[in-house]
Amino acid sequence: MSKNQEAVEEHRDTEALLAVLDTADEMLSAVRLRARSYELLSLVPGSTVVDVGCGAGRAVTELAERGVHAVGVDPDPRMVAAARERWPAAEFREAGAEGLPFADKSMRGYRADKVFHILQEPGRAVEEARRVLCPGGRIVLVGQDWDAIMIDSDDAALTRTIVHARADLLGAPRAGRQYRNLLLEGGFDDVTVEVHTNVFTDPAMLPLLTRLAEPACTSGAVGRDQADEWLTEQRRRAETDCFLIAVPFFVAAASA
């Protein structure tokens, strides 16, 4: 494959991912979950808040609308480019959770949504959050538990295999249930944990299941025929309004 073809494929992958994220972000349950994360940040007008793993930047703009200076960081240059295109008035930087481009104690708030599960060492990200937060600053972590995704299916055993196989390919698939201990071990105080379960019945979320099944197939956990049959069943469910995915999201908050 030529470099030009690779660039085209990467662009398509990014656009497909953004479409899935947009669909999920616009659902009422997701809107409420973001609002809850902003509430837990205990925002101080005029202070600076970093949104780590900001993706296409929606939360950065929503935080700015609440009177703070919000900065979005993401390690993926394609996401940063998309965020800058969508929200030209906002500030975005290319950086990972383990190496933030900010001075010690320069932030009043730190938010990371659907980030820690892709990290190999979530503890390092917590240390970095502790470094950039000022005394009394707030940290809020939001993320799904990839081992606990629930999907209605005629084949429960195959569904479990696909869900767990996809989870095993991530750096820290169970980071959500580990948030409390990560924050306590990182020296944070007043740690609280909530669980919010988002239920999706919209066929527009079908691509999420493809993103579960394809990696599980590629890894060899399930066969090609099994993956195809499973996806066919899910498409049939979507067509007959029998489609359901439930995803538990952990929300942890603490003070520096």
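These notebook entries record what I looked up in a predicted model.

**Entry 1: helix 7**

I examined helix 7, residues 175-185, for buried positions and found Ala 175, Gly 176, Tyr 179, Leu 182 and Leu 183. These residues lie on the same side of helix 7, because they cover an arc of only 90° around the axis. I then looked up their packing partners, which are helix 5 (122-132), strand 5 (133-144), strand 7 (189-200) and strand 8 (245-255). After helix 7 comes Gly 187, and I noted its positive phi, near 90°.

**Entry 2: Asp 145**

I located Asp 145 in the loop between strand 5 and strand 6 (150-151). Is Asp 145 buried or exposed? Its relative accessible area is 2%, and the cut-off for buried is under 20%, so I recorded Asp 145 as buried. The Asp 145 side chain makes a polar contact with the side chain of Arg 177 at 2.6 Å. It also reaches the backbone nitrogen of Asp 147, at 3.1 Å. Leaving out residues up to four places away in sequence, I listed Pro 173, Arg 174, Arg 177, Pro 248 and Phe 250 as touching Asp 145.

**Entry 3: helices 8 and 9**

I looked up how helix 8 (residues 206-218) packs with helix 9 (residues 224-239): the angle is about 170° and the axes are 10 Å apart. That angle makes the two helices roughly antiparallel. On the helix 8 side, I noted Leu 206, Leu 209, Thr 210, Ala 213, Glu 214 and Cys 217 in the contact. Helix 9 contributes Arg 224, Ala 227, Trp 230, Leu 231, Gln 234, Arg 235 and Ala 238. I sorted the residues of this contact into eight nonpolar, two polar and three charged.

Technical notes: Residues numbered from 1 in each chain as written. Predicted model: local features only at pLDDT ≥ 70, side-chain atom pairs only at ≥ 80, totals over all residues. Heavy atoms only, no water. Buried < 20%, exposed > 50% of the residue type's maximum accessible area, 1.4 Å probe, protein only. Helix = DSSP H or I, 4+ residues; strand = E, 2+ residues; numbered from the N terminus. Arc of directions from axis to C-beta. Contact = heavy atoms within 4.5 Å. Axes fitted to C-alpha atoms, helices over the stretch in contact; angles between N-to-C directions. Parallel < 35°, antiparallel > 145°, perpendicular 65-115°, else oblique. Nonpolar A, V, L, I, M, F, W, Y, C, P; charged D, E, K, R; others polar. Polar contact = N/O pair within 3.5 Å; in protein donor to acceptor, adjacent residues only side chain to side chain.
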